[in-house]
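User: I would like a close look at one part of this model. Please keep the description plain.
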Amino acid sequence: MRILVIEDDPILSDGLRVGLGLAGWTVDTVAGCADAHAALAAARFDAIVLDLMLPDGSGLDLLAEMRSAGDATPVVLLTALDEIADRIRGLDAGADDYLGKPFDLDELAARVRAVARRKGGRADPVLRACGIELDPAGLRAIVDEREIPLSRREFAVLSALMERPGVIRSRGELEDRLYGWQEEIESNAVEVHIHNLRAKVGRARIETVRGLGYRLRNSSS
């Protein structure tokens with residue numbers, strides 16, 4: 001997944017970037033409302049971690065603006081433990097979950113996975129398709145009942161394909177899973193990861209649709 005962290009504390013922001021990155025995600029960080037608007041206009045995110053107290057405005061106001069504009073991206077709020085009223089206002093304004101500070105990074109990662117899963121209409125935390133099982137929490141991949149090693153970016157590409165088996169994912173969509181909005185995109189990165197994935201999961205499982213992108217074959221194909 002691709003996550004946007006909106007947090008002005010540089011130490012906490014950097015910790016979230018590193019920690020959530022180790023969970024297998026591409027993480028962008030911004031420190032205020034203005035930069036958050038710019039990031040949201042430039043890229044699509046699977047989930048947002050939002051602090052309520054920002055230097056140039058309120059996280060609640062930013063959330064309200066997102067929902068008013070029709071942005072349904074799942075949002076997990078970060079709040080101080082004694083700000084119960086803010087938690088209630090946040091949930092009523094459209095937040096999907098909240099976590100009080102200080103918090104455990106593993107719990108935050110689990111909550112982010114949960115809200116993103118609900119948005120995708122999935123109850124099962126494990127992705128299953130075409131003889132492949134992906135466990136996002138454990139970053140484990142099982143193919144034909146055998147566990148295989150995947151790099152973080154290989155896992156991200158395969159996850160994108162497995163979320164919608166049979167649906168074509170463009171190169172741009174897959175690049176969005178691999179790179180932050182201010183990172184330089186390597187010209188052939190997607191092709192390299194697809195090549196490596198085919199060697200690990202079986203070439204026939206991933207189909208190239210010329211001029212459009214890639215898709216995971218349906219199990220019936």
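Which residue in β13 does Thr 208 stand opposite?

Analyst: Thr 208 stands opposite Tyr 214 in β13. This is a predicted model, in which local features need pLDDT of at least 70, side-chain atom pairs count only at pLDDT 80 or more, and totals for chains, interfaces and linings use all residues. Residues are numbered from 1 along each chain as its sequence is written, and side-chain values use heavy atoms, without hydrogens and water.

Strand β12 covers residues 206-209 and strand β13 residues 213-216; the two run antiparallel and are joined by 4 bridges (pairing takes at least two DSSP bridges; strands are DSSP runs of E, at least two residues, and helices of H or I, at least four, numbered from the N terminus). Together β12 and β13 make a hairpin, with 3 residues between them. In that turn Gly 211 has a positive phi of about 80°.

Most residues other than glycine have a negative phi. Leu 139, in the loop between β9 (132-135) and β10 (140-143), has a positive phi near 50°. Leu 139 is partly exposed, at a relative accessible area of 35% (buried is under 20%, exposed over 50%, partly exposed in between, with a 1.4 Å probe and protein chains only). Glu 145 sits in the loop between β10 and β11 (146-148), and its phi is positive, about 70°. With 81% relative accessibility, Glu 145 counts as exposed.

The peptide bond from Lys 101 to Pro 102 is cis, with omega near -5°.
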